[in-house]
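My plan is to jot down what I look up, entry by entry.

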Amino acid sequence: MTEEQRRSKKRKRGNRRKEKSVSDRAAAKNNASSSIIASSGSATPTKSSSKSKSSFLDKMKARLSGGYFRMINEKLYTCSGDEALQYFKEDPSLFNVYHSGYQAQMSLWPEQPNDIIIKWIKDRSPSLVVADFGCGDARLARSVKNKVHSFDLVSNDPSVIACDMSNTPLVSSSVDVAVFCLSLMGTNFPSYIQEANRVLKPQGWLLIAEVKSRFDPTTGGADPNNFVEAICELGFSSTSKDFSNKMFILFHFQKKGKQKTRDINWPELKPCLYKRR
């Protein structure tokens, strides 16, 4: 073998070693990349992170919304109806915030007082005229065939009249049924009942559903017997008191026609304030 042949053979062996080394490094790099991808779970962390952020934002929005609801709720229970009306006139959007929070709270109740009142009205003549004081989303009016006058502090519905419930545009002795479903919220709530008395016909019905804790004397609530007595002094007879529900009490009164002239000693109703969670 000549010297030139030996040199050529050596160059070939060197080239093969270089090619093998490059191939080995490339394979090692690919293996390392595959290991990193496998250990990180490919695209899964991105989806998981996105879901986590979305869940966190939803929780924060719900907490902020709940905070606004509690603030507005406390305001409504601790001010007069006229003050509440002015409060919502300054910022009508707060009314929507309040009712969204209200609906969220009511969804937790096993039974809705409005459902019982609606059934009571449906079981009677559709000719009876109804006044819904503090109607909210006016569900009662949409659920019965009767003529219903719906009142609340703010109106987003042409069928709802925005007003202070102590001063409605109804003429005296013009309705057969007056309803207060969780709406005796103002510090001047007796004036709401007096307005209902004014617009009710003789023998007309007064239906009141209220949160049960407001009538628990052991925790600062009013004595329900004193509440019933005050309304009877206004000129009503008590026909039934339903304490069977865990969340609310339902009172039925019928107007007798004659009101006592002396001052009525109204009990103070405990505000229904929701705890911060």
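Entry one, helices and a cysteine. I take helices as DSSP runs of at least four residues, H or I, numbered from the N terminus. By that numbering, I find Cys-232 in helix H8. I keep in mind that this is a predicted model. Is Cys-232 buried or exposed, or in between? Its relative accessible area is 23%, so I put Cys-232 down as partly exposed, since buried would need under 20%. I also checked Cys-232 against Ile-264: they are 32 residues apart in sequence, and their C-alpha atoms are 9.7 Å apart in space.

Entry two, disulfides. How many disulfides turn up in the whole structure? My search gives 0. Cys-163 is in no disulfide, and its nearest cysteine sulfur belongs to Cys-135, 9.2 Å away. A pair would have to come within 2.5 Å to count. Cys-163 has a relative accessible area of 7%, so I list it as buried.

I went through the ring pairs and got 14 aromatic pairs. One of them joins Phe-189 and Trp-266, edge-to-face, with 6.1 Å from centre to centre and 85 degrees between the planes. Phe-189 sits in helix H7 (residues 189-199) and Trp-266 in the segment after strand S7 (248-255), so this pair ties together parts 77 residues apart in sequence. Both Phe-189 and Trp-266 are buried.

Next I looked at Phe-215 and Phe-227. Why do I call this pair edge-to-face? Their ring centres are 5.0 Å apart and their planes stand at 65 degrees, and over 60 degrees is the cut-off for that label. Phe-215 is in the loop between strand S5 (200-211) and helix H8 (224-234), while Phe-227 is in helix H8 itself, 12 residues apart. Phe-215 has 5% relative accessibility, so it goes down as buried. Phe-227 has 0%, so it is buried too.

Then I followed the ring pairs onward. They link Phe-189, Phe-215, Phe-227, Phe-243, Phe-251, Phe-253 and Trp-266 into a cluster. Away from that list, I noted a charge over a ring: the charged end of Lys-75 sits over Tyr-87, 5.3 Å from the ring centre.

Besides Phe-189, I wrote down Pro-190, Ser-191, Tyr-192, Ile-193, Glu-195, Ala-196, Asn-197 and Val-199 as its buried residues.

H4 gives the most, with 6 residues. Sorted by class, the lining has 14 nonpolar, 10 polar and 4 charged residues.

Conventions:
Residues are numbered from 1 along each chain as its sequence is written. This is a predicted model: local features need pLDDT of at least 70, side-chain atom pairs count only at pLDDT 80 or more; totals for chains, interfaces and linings use all residues. Side-chain values use heavy atoms; hydrogens and water are left out. Rings of Phe, Tyr and Trp (its six-membered ring) pair if their centres lie within 6.5 Å; planes under 30 degrees apart count as stacked, over 60 as edge-to-face and the rest as tilted. Helices (H or I, at least four residues) and strands (E, at least two) are DSSP runs, numbered from the N terminus. Buried means under 20% relative accessible area, exposed over 50%, partly exposed in between (1.4 Å probe, protein chains only). A charge sits over a ring if NZ of Lys or CZ of Arg is within 6 Å of the ring centre and within 35 degrees of the ring normal. Ala, Val, Leu, Ile, Met, Phe, Trp, Tyr, Cys and Pro count as nonpolar, Asp, Glu, Lys and Arg as charged, and the others, Gly among them, as polar.
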